[in-house]
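Open the model in your viewer and keep the selection panel at hand. The stops below are meant to be taken in order.

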Amino acid sequence: MDANSASFSSLIGGYAIKVMIAVLIFFVGRWLARLLSGMAASLMERQEIETTLARFLEKICYYGLLVVVLTVAAGQLGINTASFLAILGTAGLAIGLALKDSLANFASGVMLILFKPFKVGDAITAAGVTGSVEEIALFNTMICTPDNQLIYVPNSKISGDTITNINAKPIRRIDLVASIGYGDDISRAKEVLAGLMTEDTRILDDPAPTIAVLELADSSVNIVVRPWVKTSEYWAVRFALTQRIKEALDQAGISIPFPQQDVHLTVEKEAA
């Protein structure tokens, strides 16, 4: 009995030492995981990687190292680490299948952050939504529409669609069409329109505005008016110029026709 007790005590003592070593491995390993992930975050910050992506990668690095620490600690306790890793792998596969849409959004978010087709504050059109980008998160992008609605668009929808960055360039062209009647003087109309381009100081001289006959339509002669302006002043100039075209053509006595058709009626006399 004494021999059995001594053997049991030795077994307990040996296992207690293993537990203590495993606990020590866990706490030291966790500290090292935090240290290494923090160093990785600092490196990414120096490389000017997007803050959102850097923080996420820091967490991935930390939890990945923590899994390694747990595996080593479990091995110290005599647990079959191969089975442990198999369980983790199966759980990871199940979670991946359950969250496949979220993972697709995450992958798209990483691509948007890395390649930067747009940034916060840009006006864009993507996935059928037009507005100003409020935030680019890992799973969705927040877009504020012109009427002040906040729309959360999944990143996979944006990356899989055509993206139009409206204010990526410093200048932008306004495309307008001024219609005059067939009986009006085209040269005079072009002079009036050119005068409007000169009067508005917001319209750029280089590139020069384009004023040209576009087409001979059914009811009018259509003249294109295409000035260049700063992107930030696009809508203000467009609205003002649309009004001034109408007023200036009216003052010059040039008509702005509306669609019309001439209908000819033929009356046939009945035979006597």
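Predicted model: local features only at pLDDT ≥ 70, side-chain atom pairs only at ≥ 80, totals over all residues.

**Stop 1: helix 1.** Select residues 2-46, which form helix 1, and find W31 in that helix. Is W31 buried or exposed? W31 has 55% relative accessibility and counts as exposed, because the cut-off for that class is over 50%.

Stop 2: Show the open sheet of 5 strands, which run in the order 4-3-2-1-5 with antiparallel pairing. Strand 4 (150-154) and strand 5 (164-165) are the edges; each has a single partner strand, so one side of each has no neighbour in the sheet. Next select residues 129-136 (strand 2) and 140-144 (strand 3), an antiparallel pair with 4 bridges.

**Stop 3: the largest core.** Which residues have the most contacts inside the largest nonpolar core? They are L193, V225 and I245, in a core of 22 residues. Colour strand 7 (176-180), helix 6 (186-199), strand 9 (221-226) and helix 7 (234-251), each of which supplies at least two residues of this core. Helix 7 gives the most, with 6 residues. Centre on V225 and display its contacts beyond four places in sequence: among them are I174, L176, L193, M197, L241 and I245, as well as D175 and T210.

**Stop 4: the second core.** Finally, select L112, I124, A126 and V133, which belong to a second, separate core of 14 residues.

Notes: Residues numbered from 1 in each chain as written. Heavy atoms only, no water. Buried < 20%, exposed > 50% of the residue type's maximum accessible area, 1.4 Å probe, protein only. Pairing = 2+ DSSP bridges. Core = buried A, V, L, I, M, F, W, Y, C linked by side-chain atoms within 4.5 Å. Contact = heavy atoms within 4.5 Å.
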